[in-house]
Structures are given as C-alpha cells and as structure tokens.
Amino acid sequence: EYYYALKQMKNARWTLAFLVPAEYVAVNTQKLVNLVTLVIVSFAVVLSVTAVFVGWFLLRQKQQQELQAEKEANLRLEQYNIRTPMNAIVGLTTLMENELDQPEKLAEHLHKLESSGQLLLGIINNILDMSRIESGKTTLSVEPMHLSQQLDQLSTMIRAQASEKAQTFTVSTHLRHENLLADPTRLNQVLMNILSNAVKYTPRG
C-alpha cells in the first residue's frame, strides 16, 4: 500500500509522481502527534507552575499587608491607651498638690498613682512584646495574684476613659476564687484591650 502525489512541472510537460509506502507515513505522523502532545503538555505544566507561584506570591503579599495593618492598628490602640494612665497620673499629682494637709486622701491618691504607673508600664511592655511575638520569643510569667485588686486597678483607668466620653462605667463582681495563678501583665493587657475597645466603640453619652 502506497500514498502518491502528482506534481506538474512549470517549464516542461512533465508530471512527477511520488510514491511513499504507507508505513512510513504512519510512523512520521505518529512522531508529529507525539511531538505536538509533548509541547502541549510541557506548556500546560509551565503554565500551571507559573499560576501556582503567582497565586502563592499574591497570597503571601496579602497576608503581609494584613499583618502590617493589624500591627499598625494595635499600635494605634496602645497609643490611645497610653493617654489614660498619663492623664490619671497628671490629674492625681494635681490633686495631691492641693491636698497636702490631708494624709488619708494622699494615701488614696498614692495608691491610684501606683496603679496608673503599673498600667502605663504594662502598656509599654505590651508594645515591646509585639516584637517578641513576631519573633516567637514571648513567654508567660505565671505567679500568684489577687484578681479583685487587678480589677480595681483596671476600673480606675477605664472609669477615667469612660468619663471623657460622658459614659457610665460600673463594676459588679461575684468571684468564687479571688486568688489564682496567672500572668498579671498578660491578663491586664487582655482586660485593658477589651474594656478600652468597649469605651472606644460605644457612642458618646
């Protein structure tokens, strides 16, 4: 079995006839099909790898942007929180200057002043801890603590924030266990963030 082709010569009355065995035509056609298939598969693989890489890069970039935005939001919140103990410290020192002849009130103001200083120190530590959290080096310092005393310190600070927005802040506790083991700084940070956000996002008055 043969395949043939005819070719008319331009400058002569000759007609060329080509005869090719069918088996050679089949082999060459199969080689061409294999080559085209290989090219298509290779292109598809390259395209798929490129799409995966681009998708991973875009996802990574989006995650970094979200992380940076969250970090900036946390820093803005901490900057807002710093104002509360600072205002309390300034206000308490003014009261103490005007009440130097009243030892009982001075002692009360000193206690609140110490609480404000501790809260301010906790906020600063919280900002510094952000870098430790990013590097995976943050740790918990668990120790015995008195929960009621912790809540009293927080209530003084939050009440000052609430008063600036003409809000009413009340504390009602029914604690079964007041003495517990915890990290006072971390617990204070959590409660302070929750309560500060409550004041911040609650409408004025």
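Q: Is Ala-166 buried, partly exposed or exposed, and what is its relative accessible area?

A: One compares the relative accessible area with two cut-offs: under 20% is buried, over 50% is exposed, and values in between are partly exposed. In this predicted model, Ala-166 has a relative accessible area of 47%, so it is partly exposed.

Q: Where does Ala-166 lie, and what value does its phi take?

A: Ala-166 is placed in the loop between H3 and S4. Its phi is near 55 degrees, which is a positive value in a residue other than glycine. This positive phi comes just after H3.

Q: What does Ser-148 contact beyond its neighbours in sequence?

A: Residues within four places in sequence are set aside, and what remains for Ser-148 is contact with Leu-175 and Glu-178. Ser-148 belongs to helix H3, residues 147-164. Because its relative accessibility is 16%, Ser-148 counts as buried.

Q: How far apart are Ser-148 and Glu-178 in sequence and in space?

A: The two residues are separated by 30 residues in sequence, and their C-alpha atoms are 6.2 Å apart. Their side chains are also joined by a polar contact of 3.1 Å.

Q: Which residues does Gln-150 touch, not counting residues up to four places away in sequence?

A: Gln-150 touches Met-145, Pro-184, Leu-187 and Asn-188 on that count. Gln-150 is located in helix H3, and its relative accessibility of 9% is why it counts as buried. From C-alpha to C-alpha, Gln-150 is 9.9 Å from Thr-185, a residue 35 positions away in sequence.

Q: Is Asn-188 buried or exposed, and which residues does Asn-188 touch?

A: Asn-188 has a relative accessibility of 10% and therefore counts as buried. Asn-188 is found in helix H4. Leaving out residues up to four places away in sequence, Asn-188 touches Leu-119, Gln-150 and Leu-154.

Q: Which residues line the largest cavity?

A: The lining is formed by Glu-78, Asn-81, Gly-122, Ile-123, Asn-126, Asn-188, Gln-189, Met-192 and Asn-193. Two or more of the lining residues come from each of helix H1 (22-98), helix H2 (103-135) and helix H4 (184-201). H4 gives the largest share, four residues.

Q: Where is Asp-183 placed, and is Asp-183 buried or exposed?

A: Asp-183 sits in the loop between strand S4 (179-182) and H4. Its relative accessible area is 9%, so Asp-183 is buried.

Q: Which polar contact does the side chain of Asp-183 make?

A: A polar atom of the Asp-183 side chain lies 2.7 Å from the backbone nitrogen of Ser-141. Beyond four places in sequence, Asp-183 is in contact with Thr-139, Leu-140, Ser-141 and Val-142.

Q: Finally, how many helices and strands are in the protein chain, and in what pattern do they follow?

A: The protein chain has four helices and four strands. Along the sequence, their pattern is β-β-α-α-β-α-β-α. Of the 205 residues, 21% count as buried. Among contacts with a separation of 6 or more, 70% are between residues 24 or more positions apart.

Methods
Residues are numbered from 1 along each chain as its sequence is written. This is a predicted model: local features need pLDDT of at least 70, side-chain atom pairs count only at pLDDT 80 or more; totals for chains, interfaces and linings use all residues. Side-chain values use heavy atoms; hydrogens and water are left out. Buried means under 20% relative accessible area, exposed over 50%, partly exposed in between (1.4 Å probe, protein chains only). Contact means heavy atoms within 4.5 Å. A polar contact is a pair of N or O atoms within 3.5 Å; within protein, one must be able to donate a hydrogen and the other to accept it, and residues adjacent in sequence count only if both atoms are side-chain atoms. On a 1 Å grid over the protein atoms alone, a cavity is a set of points where a 1.4 Å probe fits but cannot get out, and a pocket is an open set with protein on both sides within 12 Å along at least five of seven lines; lining residues have an atom within 4 Å of a point.
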